[in-house]
Amino acid sequence: MNKIKRFMGTMVVVASLTVAIPDRADAQCAMCTLTAENATENGNTQGKGLNKGILFLLAIPYLATAGVGLLWYKRYRGKKTVNVDDDPIVLN
């Protein structure tokens, strides 16, 4: 029960900080903003490179989290065995 209260308290703090901290939509530097705007207007390819870079930077944390989760799952899951006629059979 204590773990549940601690978890819920943490979630309340995170939710209140998420609401309290203002988002800034114009948080890009001036050069990045101008490059992105001009790329769409003039048809050059700098905007495509900028978008690919953003997607690359966005994908890396998700891939790292998935890798750590997979390693944790493979390492710490329990072996399930069934005894049939005094011979254990490993199910996974």
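These legends walk you through a few views of one predicted model.

**View 1. The protein chain and its elements.** Three helices and two strands make up the protein chain (DSSP runs: helices H or I, at least four residues; strands E, at least two). Starting at the N terminus, their order is α-α-α-β-β. Residue numbers start from 1 along each chain as its sequence is written.

**View 2. Confidence along the chain.** Helix α3 (residues 46-76) has the highest confidence at 85, while strand β2 (residues 87-90) has the lowest, at a mean of 68. Local features here need pLDDT of at least 70, and side-chain atom pairs count only at pLDDT 80 or more, whereas totals for chains, interfaces and linings use all residues.

**View 3. Isoleucine 4.** Look for isoleucine 4 in helix α1 (residues 2-20).

Terms used. Heavy atoms only, no water. pLDDT = per-residue confidence, 0-100.
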